[in-house]
Amino acid sequence: MAGQSEELIIKAKETHGLTRQEIVTLLGDASAEEQLARAADAVRHEFVGDGVHLRGLIEFSNICRQDCCYCGLRRENGRIERYRLTEDEIVELARKAKGYGYRTVVLQSGEDMHFSAPVMCRILRRIRQLDLAITLSIGERSREEYKAFREAGADRYLLRIETTDAALYHRYDPGMSHENRLRCLWDLRELGYEVGTGTLVGLPGQSLASLADDVLFYQELDADMIGIGPLIPNGDTPLGKAQPGDFHLTRRMVSILRLLLPEANIPATTAMETMVPRGREVILSSGANVVMPNVTEGDYRRKYALYPGKICVADTPADCRQCMQGRIAAMGRFVARDKGFRHHREAKI
Ligand code: SAH
Ligand code: SF4
C-alpha cells in the first residue's frame, strides 16, 4: 500500500474529514482496501458499537411509474409480473415482522401511485400501533405528502440519490430531474425524518471523482443512513449489457463512509451478497452496522426483481431472520434490540 493512503486512513480516522482528491486516492487504491476496512471497523465499533440493526423489508408493490434504465421494475419492462399487496396484507406482514423480533420495518415499492397519501397514511397509522419504527422507501413525492406520511407515523425515509452527477443521473433516469431528487432529500431532512440515501456504484461513465462527490454530499446532508450497492445488470433493462459494479470499489466506499460519517447507519446491502457469497459479512466487517432481511412472503420475493440473481427468493421470512441472527453471532456481534435510531454522539475534541 502506498504511504500516502496509509496517511490518509489515519487522517480520516482521527478527523473524519478528507478532501475530494483524498477520497479519490483512497477509492482508487485497491492495495489499501484491507487497512481501510480495519480502520472503518474500529470506528464502527467506537461510534455505533457491536449491535447490528435488522430492518424487516416489505416489498409491497413492484408497479412503477418511473423508467430508470437499470431497474427491472421500470414501467417499460413488459417481462415482469406485476403485483400489489392489499393494505391488510401489508399490515399483516408488519405484524409478522414484529413477531420475528424486528423493531423496524421498511416499506418499499416502485413509484406506485395507487398508494396515494390517504391510502399510505392509513397503512402507516395501523403499523404505528404495532410499536414498530417505520421506514418508507416509495420514491419521489411532494413535500405535502412527505409531511402527511411523517405525521401518520413514518420515522425514516430511504431515497438514494443514486449519483450526485446530474448529467449521469439524467442519462439513466429519463424523465426524472436531479433537482427534484435533491428537493425531496432536503424536504425529508427539514420534516424531521431520519434520512437514508445512497449510491448505485458502477453506472457506466461514473468516475471516482463523482463517487467522492457523493461522499461529500452525504456529509453536507448529514445523512442518517447511507446504502451503497453495486449495479447488477438486469437483462430486461437498457443497462442489461453493462459491466457489473465493482464489489471491491463498493467496499472501499462503504469503509470511507464509515470514517467520514462515523455515526451513520450503514447497511450491508443485499446486492453485495448477490455478487459475492457472504458479501454481507464482508461489508459488516468493513464499516457497516445494518442488515435489511426480507420479510416479503412467497412468490412476491421473486417478482420484486430489481436485478437478477436476488438471494433468498425461496426462503421464508423466518429462515432469513434465523440465518442472519446466526451469522451475526458467528462474527462476535449481536442483533441490537432497540429501534436503531441514529446514535448522536458529541463531537470528539
Ligand atoms: N422506487 C424506490 C424504491 C425501490 S428501488 C426508489 O427508486 O427509491 C430501490 C433501489 O434499488 C434503487 O434506489 C436502486 O439504487 C436499486 N436498484 C435498482 N435496480 C438495480 C440494479 N439493477 N442493480 C442494483 N441496484 C438496483
Ligand atoms: Fe421505479 Fe425505483 Fe426502479 Fe426507478 S429504481 S424504476 S423509481 S422502482
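This is a predicted model: local features need pLDDT of at least 70, side-chain atom pairs count only at pLDDT 80 or more; totals for chains, interfaces and linings use all residues.
Glutamate 33 touches His248, Arg251 and Arg252, leaving out residues up to four places away in sequence. Glutamate 33 sits in helix α3, which covers residues 33-48. With a relative accessibility of 5%, glutamate 33 counts as buried, because the cut-off for that class is under 20%. Its side chain makes a polar contact of 2.7 Å with the side chain of histidine 248.

Helix α3 has 16 residues and reaches 21 Å from its first C-alpha to its last, close to the 22 Å expected at 1.5 Å a residue. Its buried residues are Glu33, Leu36, Ala37, Ala39, Ala40, Val43, Arg44, Phe47 and Val48. Seen down the axis of α3, these buried residues fall within an arc of 165 degrees, so they line one face of the helix. The buried residues of α3 pack against α1, α2 (20-28), α10 (247-260) and α12 (279-284). Just after α3, glycine 49 takes a positive phi of about 80 degrees.

Isoleucine 10 lies in helix α1, residues 3-15, and is partly exposed, with a relative accessible area of 44%. Between isoleucine 10 and threonine 270 there are 30 Å in space, C-alpha to C-alpha, and the two are 260 residues apart in sequence.

Helix α4 can be described in a similar way. At 1.5 Å a residue, the 13 residues of α4 (residues 87-99) should span 18 Å, and the end C-alpha atoms are 19 Å apart, which agrees. The buried residues of this helix are Ile90, Val91, Leu93, Ala94 and Ala97. Viewed down the axis of α4, they fall within an arc of 155 degrees, so they line one face of the helix. What covers them includes β2 (56-61), β3 (104-109) and α5 (117-128). Just after α4, glycine 101 takes a positive phi of about 105 degrees.

Next comes a charged residue without a salt bridge. Arginine 55 is found in the loop between β1 (51-54) and β2. This arginine is buried yet has no salt bridge. The nearest side chain of opposite charge is that of glutamate 194, 5.3 Å away, whereas a salt bridge needs the nitrogen and the carboxyl oxygen to lie within 4 Å. A polar atom of the arginine 55 side chain does lie 3.2 Å from the backbone oxygen of glycine 340. Leaving aside neighbours within four places in sequence, the contacts of arginine 55 include Tyr102, Thr104, Val106, Arg156, Asn265 and Gly340.

Elsewhere, charged residues do pair. Side chains of opposite charge can pair when their charged atoms come close. A search of the whole structure finds 38 salt bridges. In one of them, the side chains of arginine 143 and aspartate 187 meet, with 2.6 Å from N to O. This pair links distant parts of the chain: arginine 143 belongs to helix α6 (residues 143-152) and aspartate 187 to helix α8 (residues 178-190), 44 residues apart. Arginine 143 also forms a salt bridge with glutamate 190, the closest N and O atoms being 2.9 Å apart. That pair, too, links α6 with α8, across 47 residues.

Arginine 342 lies in the segment after β9 (334-335) and aspartate 222 in the loop between α9 (208-221) and β7 (225-230), so the pair ties together parts that are 120 residues apart in sequence. At 11% relative accessibility, arginine 342 counts as buried, while aspartate 222, at 35%, counts as partly exposed. Salt bridges that share partners join Arg189, Asp222, Asp224, Glu263 and Arg342 into one network.

Terms used: Residues are numbered from 1 along each chain as its sequence is written. Chains are lettered from A and ligands numbered from 1 in the order in which they are written. Side-chain values use heavy atoms; hydrogens and water are left out. Helices (H or I, at least four residues) and strands (E, at least two) are DSSP runs, numbered from the N terminus. The expected span of a helix is 1.5 Å times one less than its number of residues. Buried means under 20% relative accessible area, exposed over 50%, partly exposed in between (1.4 Å probe, protein chains only). The arc is that of the directions from the helix axis to the C-beta atoms. Contact means heavy atoms within 4.5 Å. Lys and Arg count as positive and Asp and Glu as negative; His and the chain ends are not counted. A polar contact is a pair of N or O atoms within 3.5 Å; within protein, one must be able to donate a hydrogen and the other to accept it, and residues adjacent in sequence count only if both atoms are side-chain atoms.
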